[in-house]
Amino acid sequence: MTSSFLLSLTTFAYLVCSLCYLAGVTFRFRPFLLCGTATGAFTLVIHSAGMLLRWKESYDLGFGHAPLSNLYESLVFGAWSIMLVYFLLERRSKQRALGVIPSVLAFLAMAYASFSPEIDSRIQPLIPALKSNWLIAHVITCFLGYAAFAVSLGISVVYLLKKKDNPGHGSSGVLGMFPTSRQLDELNYQMILFGFLWLSVGILTGSVWANSAWGSYWSWDPKETWSLITWLIYAAVLHVRAVRRWRGRKVAWLSMLGFASVLFTYFGVNFLLSGLHSYAVK
């Protein structure tokens, strides 16, 4: 058995997971949601095993590095992070319907990594700048932040749909499967705060790593600049919520803007802008 087999299996298992969540919400049939949780949890175990096996294979090939070094591996780890953060939220909130969007995002990330001809899934040696123990700390912390922002995106979308559906009262039909608007707003805040803290640690670890690799804590590289923009957007969300008492729609829209910045930091900068992080597209 190889890591490629396990990670390919993970892709299709996340598809089943997302279909279960979607069917549970669409048909308002809670056993489907339970199926989504069970399938997702089982898939996360396979996913973890696939990444660990790829790590071992890297040592067997003589490269010996964590599977966090290129676009393929970061997409795989990003999907894993999204599902991990989501299950932490589901365990705490007991709200399974919220699994629809995180599971779809995890499936799309794995499908893109697995099937895009532009992505090389082979295990490759590290470039000199990546040969650092800071690699693991920086990537893990940043992606935990990104994952929390992805879950926040899903909550924000549901919140706005519920407000549009019935702004003054509780929703019925499909949207009635989700938590109340007040609960969604609170869960959204928790995910933004969680993601902000991890992204902050990620930027700090990246800065220390940059100094050891390139001799400067901050170079205004496009990736660094857009990471700072993303950080400022979520800092603004937390600020206006705490100081100006913004709630609901405004926070949801700002959260979606923040995730758009996350996507550009990850995909846009990689493909459109050259810089010190250009290795990330390979």
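This friendly note walks through the predicted model point by point.

1. **Ground rules.** Residues are counted from 1 along each chain as its sequence is written. Because this is a predicted model, local features need pLDDT of at least 70, side-chain atom pairs count only at pLDDT 80 or more, and totals for chains, interfaces and linings use all residues, while side-chain values rest on heavy atoms, with hydrogens and water left out.

2. **Two domains.** The chain is assigned domain 1 (1-126) and domain 2 (129-281), with bounds that come from an automatic or database domain assignment. Their centres, taken over C-alpha atoms, are 19 Å apart. Across the boundary, 33 residues of domain 1 are in contact (heavy atoms within 4.5 Å) with 34 residues of domain 2.

3. **The nonpolar core.** The largest nonpolar core holds 69 residues, and Leu98 and Ile155 touch the most other members. Such a core is a set of buried Ala, Val, Leu, Ile, Met, Phe, Trp, Tyr and Cys residues joined through side-chain atoms within 4.5 Å. Two or more residues each come from helix 1 (3-26), helix 2 (30-60), helix 3 (71-93), helix 4 (100-115), helix 5 (134-165), helix 6 (181-214), helix 7 (222-243) and helix 8 (249-272). Helices here are DSSP runs (H or I, at least four residues), numbered from the N terminus. Helix 5 gives the largest share, 15 residues. Since domain 1 (1-126) and domain 2 (129-281) both contribute residues, this core lies between them.

4. **Leu98 up close.** Which residues does leucine 98 contact beyond its neighbours within four places in sequence? They are Tyr86, Leu89, Ile155, Phe178, Pro179, Leu184 and Leu187.

5. **Annotated segments.** An unreviewed UniProt entry annotates "transmembrane region" at residues 6-25, 32-51, 71-89, 96-115, 135-161, 191-214, 226-244 and 251-273. These positions follow the numbering used here, feature names are shortened, and annotations may be inferred rather than shown by experiment. In the model, residues 32-51 are 100% helix and 0% strand, with end C-alpha atoms 28 Å apart. Residues 251-273 are 96% helix and 0% strand, and their end C-alpha atoms are 29 Å apart.

6. **The largest pocket.** Its volume is about 330 Å³. The lining has 18 residues, of which Ile82, Ala109, Phe259, Leu263 and Phe267 lie nearest the centre. Helix 3, helix 4, helix 5 and helix 8 each give two or more residues to that lining. For reference, a pocket is an open set of points on a 1 Å grid over the protein atoms alone, where a 1.4 Å probe fits, with protein on both sides within 12 Å along at least five of seven lines; lining residues have an atom within 4 Å of a point. Grid points are joined across faces, edges and corners, and the volume is the space filled by probe spheres set on the points.

7. **Threonine 43.** This residue sits in helix 2 and counts as buried at 0% relative accessibility. The cut-offs are under 20% relative accessible area for buried, over 50% for exposed and partly exposed in between (1.4 Å probe, protein chains only). Setting aside residues up to four places away in sequence, threonine 43 touches Thr10, Ala13 and Tyr14. Its C-alpha atom is 8.3 Å from that of cysteine 17, 26 residues apart along the chain.

8. Threonine 205 belongs to helix 6 and is buried at 10% relative accessibility. Its contacts, not counting residues up to four places away in sequence, are Trp134, Ala137, His138 and Thr141. Serine 227, in helix 7, is also buried, with a relative accessible area of 13%. With the sequence neighbours up to four places away left out, serine 227 touches Tyr146, Ile203 and Thr265.

9. **Two loop residues worth a look.** Most residues other than glycine have a negative phi. Tryptophan 220, though not a glycine, has a positive phi of about 55°. Tryptophan 220 lies in the loop between helix 6 and helix 7 and is exposed, with a relative accessible area of 56%. Arginine 245 has a positive phi of about 60° and is not a glycine either. Arginine 245 lies in the loop between helix 7 and helix 8, exposed with a relative accessible area of 59%.

10. **Valine 240.** Placed in helix 7, valine 240 is buried, with a relative accessible area of 12%. Neighbours within four places in sequence aside, valine 240 contacts Arg245, Trp246 and Leu254. Between valine 240 and alanine 213 there are 37 Å, C-alpha to C-alpha, at 27 residues apart in sequence.
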